[in-house]
Amino acid sequence: MKDFSLPSYDKYRNWIKDARRNNHEWKSIKLGLKNNNEELEQFLNIQNQINFWSIGVEEWIKIVELEEEAENKTVDFKYKNEQGMLVDSSQESEVYVPTDEKSSWQLYKRHLLEEGFKKEAVDNIERTTIKILKRLNSNTVGMEPVKGLVIGNVQSGKTANMAALMAMAADWGWNMFIVLSGTIENLRQQTQRRLLSDLNRPGNISWRGLEHLDKNTPGQRTQDLRFEEGARERYFNVCLKNAVRLKKLIQWIQSDQNKKRQMKIIIIDDEADQASINTADIKANKERKTINKLIVNLVEGKSIQGKNYIDKYKAMNYIGYTATPYANILNEASYESLYPRNFISTLPVSNEYFGPQQIFGVEETELEGLNIIREINDEDLNAIKNIHNGNSIKIPNKLKDAICWFIVGVATMRVWGYKKPVSMLIHTSQKQECHENVALAIQKWFKENEKKYILKECKKLWQRETEGFTKQDFRDQYNNYGRSDSEINEYPEFDQIQEAIIELIDNAVSYIKMGDNGELVYNKGIHLCVDNCKNSGVTEDGMFVRLSYPDSNIKLKFAPAFIVIGGATLSRGLTIEGLISTFFLRAVGQADTLMQMGRWFGYRKGYELLPRIWLTNKTKKQFAFLSTLDKELREEILHMDTLGTDPSKYGPKVKNTPKYSFIRIAAKSKMQGAEETELDYSGTTSQTTIFYNDHDILRNNKIIAEKFINSLGTPEKGNRYAKSTYIWRNIEFRKIYNEFLSKFEFCGRNKVFNDIESVNEWICKVTNEGMIGNWNVILSSKNIADELEDTWDFSFGRVGKIERTRKKENNDERLINIGVLRAPRDLVADVICEDLSTNGIRLIEDYSTNKAKDIRDDANLEMTPQLIIYLIDKNSKAGKTNRKDLNAVEDIVGICMNVPGGKRGTTLAKAVAIKLDNTLFNYDDDGVEKN
């Protein structure tokens, strides 16, 4: 069989892509835009003569089919990776993926593959990059600057995506790239060096990194550089979000108006929610904060003071990159602001990435998180406070566990042959003296305890942890992980790592030694690193205290071990290499700050089973809440992408209702554009997942459900994708509430259903306003009832009970927590397949939960809410290691309510809205919890 992926077939693919760009259907393209096969043959003969093609009819049809399949995969990729994009009504730029092997993009693509990126991951980067590039403009002289936002993930390799955009844009003529990079100089230098290393490869384009721009520095003044059309030079500068640096950048860029007119600029604002946000009082018309004002002036082509110039850039495109976009979409949306009115895009999530959803799970979904979180209790908290205050240097039990786990983890990775740094993170306070006291306590623990005792503690912990979280547990809890079983290392036996443990202990804990020539020397023991230390980082006896990993170009003979104790600089931007043990204690009142502190998010290829995190119960709940918040925002952007929503007219809602909140989404001054609303359930799927294990309550709920369902009359059967369900259409909510929901006894821990009166009030209001219609009631069934012995019987027939089991972590026998109730297919059980378009049929055939809204919209059910009812068999048996048998005293009736987001292109909410409930905790204006 011929390999149609070879470059020799590019000319045919390019013709096909041009035809698609001009809105021709696949059926027509297959015929060469002709009427039949005979005319197609004539078309190919002509092309063979005049354009040196060499292709027959069969080959042509095959290439077209492969391109159609690739386009469909791109649509599937969007859903699979939750990669949505809201765009305004402006026309897309006519750019496509560069194919020249000497192009900057193809060279960078090859570099990524050589660095170990999987082809699928690189293809994902390519798809995402061209999608963003199409929204940029290479000539904005007669228009406003392009402004967009790209939402990534914490510790997910965002720099690779930024470099990809720079490479591809450079091939299409953009010639000046400015990366705004945080507030920490060593991280800025790291980004500058990496971008030059990644991009500057022999090819069609010559890359040059510009440092510390100044209008008076010979050799890199604007008049010394080549921005004219056809020049092969491309320039970039990584600039701190620092007033002095930004002012010099503006002066430099404005110093030669002729060169300014030639500049096609892309500004990439890394961590765009940090420093770039205007925190001045907008309503009081106060002057913008300094950093925000300077960035706005830079983008608008103004002077430092905000003076307008006659001459404009040839092109100005501003793109914010962040993993925590709440401030960017909730702060301000004026025309001069940095609000992303032209596009908002999410970056795809790799199935090798350990993000918030993988670690903490998502409420009321199949994602329950990895069993790698360990709780820090009140006794441990008090012990840490005593260390902070200098009243004690005795470390608490949970910190001892975290240290012992780090020891066995380092030993394991050395036995596996790992040669890169391995780290532990201790993050208990922002205060420098606290860091030093914790470091002293750790040193004392090692000095005072014999090797025999530490070895014994390590063995106890190893046995407990390796039994509590196995390779099979990992597979069950991260079932779509992108690596095969053979690529995931198994735990070794303790005897196999004992010698490596002894080697670590014998070499003790010390700071990093400095050699006579000032170079850092790493030993086989544990290097203690204290972030934010008061001195320069060097002790009197020549030991280096700060965190400094070995140069990545040096080939190490063993994996050096680091315990990192720190505060502020660990909040954002810094990667802790080989992180396997985290002791995290700091109280945080803001969602964006807390999420950015997740140094444990990222890639753990080769040591997937080793990471462990020690947290307080409160912080664990905060992260679980943020994980759900993050996923909901991505799903909303994905859905609104399908509806073709304009971000200049619709600001994404951060859905903080109906869920309770005990953490502020962003600092109050960073979300000035947010409007608090009354309860808003639009676009939510709510389900009962926690139940009282009480016979009378469960039995009475079952009787109420039976009476209500029998009153609905004869149902129709679900579609061919949900054959065992029963459907009743066009049911008024008044009947559902009066005869069922108001009489039902819900467990108080179900966040929506514990206030069913408010739900009723809200639904009646939006129904009367014509926002949603009557309901479809769905009765779910495990299988065709005739095939089952244990059924739920009604006047119209028998229904099979479903099976659900308990979450393992729930130890309260009075309550049953099943984690997730809803069966994914039930969300489309009432779809009439004959009403679907070709695309709708394809979506439902390759179904996943995040496609449900789009399928319902395609079937004209965008205003139809659903009530889904389940009967859970009390004797349900657990089939997974992270689950327990249900052991309920009676069968359990479960309820799911799926409320649509409103008519096509709109939302039931009238403005960007979040509802905050800070009654549980008291915060100051910066979101920090008060004492």
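Author: Helices (H or I, at least four residues) and strands (E, at least two) are DSSP runs, numbered from the N terminus. The model is a predicted one, in which local features need pLDDT of at least 70, side-chain atom pairs count only at pLDDT 80 or more, and totals for chains, interfaces and linings use all residues. Residues are numbered from 1 along each chain as its sequence is written, and side-chain values use heavy atoms, with hydrogens and water left out.

Reader: With that convention, where does Q220 lie?

Author: Q220 belongs to the loop that joins β4 (206-209) to β5 (233-239), in a protein chain whose secondary structure comes to 26 helices and 32 strands.

Reader: Is Q220 buried or exposed?

Author: A residue is buried under 20% relative accessible area, exposed over 50% and partly exposed in between, with a 1.4 Å probe and protein chains only. Q220 counts as buried because its relative accessibility is 11%, and in the protein chain of 931 residues the buried ones make up 57%. K27, which sits in helix α2 (residues 26-30), is by contrast exposed, since its relative accessible area is 70%.

Reader: Which residues is Q220 in contact with, leaving aside its neighbours within four places in sequence?

Author: Contact means heavy atoms within 4.5 Å. With those neighbours set aside, Q220 touches R208, L210, E211, H212, L213, D214, L225 and W252. For the protein chain, among contacts with a separation of 6 or more, 78% join residues 24 or more positions apart.

Reader: How should I read a pair of packed helices, and at what angle do α15 and α16 pack?

Author: Two packed helices are described by the angle between their axes and the distance between the axes. The axes are lines fitted to C-alpha atoms, for helices over the stretch in contact, and angles run from 0 to 180 degrees between N-to-C directions. Helix α15 (residues 397-415) packs against helix α16 (residues 432-448) at about 70 degrees, the axes being 12 Å apart. Angles under 35 degrees count as roughly parallel, over 145 as roughly antiparallel, 65 to 115 as roughly perpendicular and the rest as oblique, and α15 and α16 are therefore roughly perpendicular to each other. At their contact, K400, I403, C404 and I407 of α15 meet I442, W445 and F446 of α16. These residues divide into six nonpolar, no polar and one charged, where Ala, Val, Leu, Ile, Met, Phe, Trp, Tyr, Cys and Pro count as nonpolar, Asp, Glu, Lys and Arg as charged, and the others, Gly among them, as polar.

Reader: How do the axes of α5 and α7 cross?

Author: Helix α5 (residues 104-114) and helix α7 (residues 158-171) have axes that come within 7 Å and cross at roughly 150 degrees, so the two are roughly antiparallel. Here S104, W105, Y108 and L112 of α5 make the contact with A160, A163, A164, A167, M168 and D171 of α7, a set that divides into eight nonpolar, one polar and one charged.
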